Amino acid sequence: MYNLSEAVNKMTGDKTDPANKLLELHVKHELAALKGAKLRTFLKQEVGELLDLAGDVTLNRIASEQQVMATIQRVVVNMELDAGIPELAGEMANEVLNAPVQATTTLGDVIARDQAAGFVEELLELRGQREQMISNIMAHPVYQELISNVVYQGVINYLYEDNLITKSVPGVGSMMKFGKRMANKAMPGLDETFERRFKSWLSDSLPGLIGRSEQFLQRALCDDEVRDTVMAAWLATEDRTLAELREGLGDAELQTFVVLGYEFWLRFRKTACFDGCAQAAVAHLFVKYGDRPLSDLLGDLGVTREVIMAEVNAWAIPVIDVLREEGYVEALLRRRLAAFYNSAPARKILA
């Protein structure tokens, strides 16, 4: 409980003193006005007054780009975050993923089929990016090595296993394998020599193979094909629950991802990229709203009189009620008013 009696004793002297009598009356008046219907009426009136004022005051009058950027620097970039934050985030993520609702909610309940189709249509508009991604994949050394090995193994299997002659003529496949073994005995290292030369030929031929593969993929992955493939995958998963879709992601793995994400944020917020993005966003905000009334900005954000009053009723009034019950509101009023009533000009008038 707030030590109200101690605060009162410090700020009041002789209770028969006119100044102190007025102070007591003023405090009682304010306390009566800060509860119940009177408090709600007072807050509603002040919200209305502030919103009316927002129709005349521009953003540039109350802030500047430099002020906003300085706030971002202090609060977002420089503020040291306690190590308990990623731990709490990980715990909350675990609770969310293990909540019973995960086992009864399907992917289709979260994202409707028409929404998924809309995402696909927007992705199809990024045709240039899709073609560039295919080109990048084709040019990657790992992919080229993969193609080389696939072609080599395919040719070898065809020669000794799957060609028409070995399948049609009994014994030919066995004779070819027998001949291969005998040749290796007569000329050790023949296999390695053949493989090396064959792969050397593949290496020389690979650019042409990759180029034709890329042309084929660019033609094959047309809009209709991509749309049908993605939507077929969606139809196969939309009735599965969220719990089924996250199978294999345990609490430990989730904690690791949370920590990695937290460490990424700590580093990214101090990069020139983040600073440049923040400056661009703030600059645009002031270009668009700097010389316009604050009410335009609030309106575009959806902050209306009704929205504000709903939160006032939900949060401000209950919190003020608790502060009043704990004695804080009365002590605050006394701190604010006592200095005035005990001032020389007030006492001179009362004298």
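# Helix contacts and aromatic pairs

Reader: Is the crossing of helix 2 and helix 20 left-handed or right-handed?
Author: Helix 2 covers residues 18-33 and helix 20 covers residues 328-341, and their axes come within 10 Å and cross at roughly 145°, where axes are lines fitted to C-alpha atoms, for helices over the stretch in contact, and angles run from 0 to 180 degrees between N-to-C directions. A crossing is left-handed if the near helix is turned anticlockwise from the far one by less than a right angle, and right-handed if clockwise. The crossing of helix 2 and helix 20 is right-handed.

Reader: What kind of model is this?
Author: Residues are numbered from 1 along each chain as its sequence is written, and side-chain values use heavy atoms, with hydrogens and water left out. Local features need pLDDT of at least 70 and side-chain atom pairs count only at pLDDT 80 or more, whereas totals for chains, interfaces and linings use all residues, since this is a predicted model.

Reader: How many residues of the contact of helix 2 with helix 20 are nonpolar?
Author: Helix 2 contributes Ala19, Leu22, Leu23, Glu24, His26, Val27, Glu30 and Leu31, and helix 20 contributes Val329, Glu330, Leu333, Arg334, Leu337, Ala338 and Tyr341, where contact means heavy atoms within 4.5 Å. Ala, Val, Leu, Ile, Met, Phe, Trp, Tyr, Cys and Pro count as nonpolar, Asp, Glu, Lys and Arg as charged, and the others, Gly among them, as polar. In the contact of helix 2 with helix 20 one residue is polar, four are charged, and the nonpolar ones number 10.

Reader: How many helices does the protein have?
Author: Helices (H or I, at least four residues) and strands (E, at least two) are DSSP runs, numbered from the N terminus. The protein has zero strands, and its helices number 21.

Reader: Why are helix 3 and helix 19 described as oblique to each other?
Author: Helix 3 (residues 36-54) passes helix 19 (residues 305-325) with the axes 10 Å apart, in a right-handed crossing. Angles under 35 degrees count as roughly parallel, over 145 as roughly antiparallel, 65 to 115 as roughly perpendicular and the rest as oblique. Helix 3 and helix 19 are therefore oblique, because they pack at an angle of about 140°.

Reader: Which residues of helix 17 make the contact with helix 5?
Author: Helix 5 (residues 65-78) and helix 17 (residues 272-289) pack at an angle of about 145° with their axes 10 Å apart, and their crossing is right-handed. On the side of helix 5 the contact is made by Glu65, Val68, Met69, Ile72, Val76 and Val77, and on the side of helix 17 by Phe274, Asp275, Ala278, Gln279, Val282, Ala283 and Phe286.

Reader: How far apart are the C-alpha atoms of Leu59 and Phe286?
Author: Leu59 lies in helix 4 (residues 59-62), and at 9% relative accessibility Leu59 counts as buried, where buried means under 20% relative accessible area, exposed over 50% and partly exposed in between (1.4 Å probe, protein chains only). Leaving aside neighbours within four places in sequence, Leu59 is in contact with Leu285, Phe286, Tyr289, Gly290, Arg292 and Leu294. Although Leu59 and Phe286 are 227 residues apart along the chain, their C-alpha atoms are separated by 7.5 Å.

Reader: What is the angle between the planes of Phe264 and Phe268?
Author: Rings of Phe, Tyr and Trp (its six-membered ring) pair if their centres lie within 6.5 Å, with planes under 30 degrees apart counted as stacked, over 60 as edge-to-face and the rest as tilted, and the count by this rule comes to four aromatic pairs. Phe264 and Phe268 form a stacked pair at 5.4 Å centre to centre, and the angle between their planes is 10°.

Reader: Is Phe264 buried or exposed?
Author: Phe264 and Phe268 both lie in helix 16 (residues 251-268), four residues apart, about one turn of the helix. Phe268, with a relative accessible area of 23%, is partly exposed. Phe264 has 53% relative accessibility and therefore counts as exposed.

Reader: Which residues form one aromatic cluster?
Author: Trp265 and Phe274 form an edge-to-face pair, 5.6 Å centre to centre with 85° between the planes. Trp265 is partly exposed at a relative accessible area of 30%, whereas Phe274 is buried at 14%. The one aromatic cluster is formed by Phe264, Trp265, Phe268 and Phe274.

Reader: Which residues does Asn94 touch, not counting residues up to four places away in sequence?
Author: Asn94 has its place in helix 6 (residues 84-97) and is buried, with a relative accessible area of 9%. Not counting residues up to four places away in sequence, Asn94 touches Asp251, Leu254 and Gln255.
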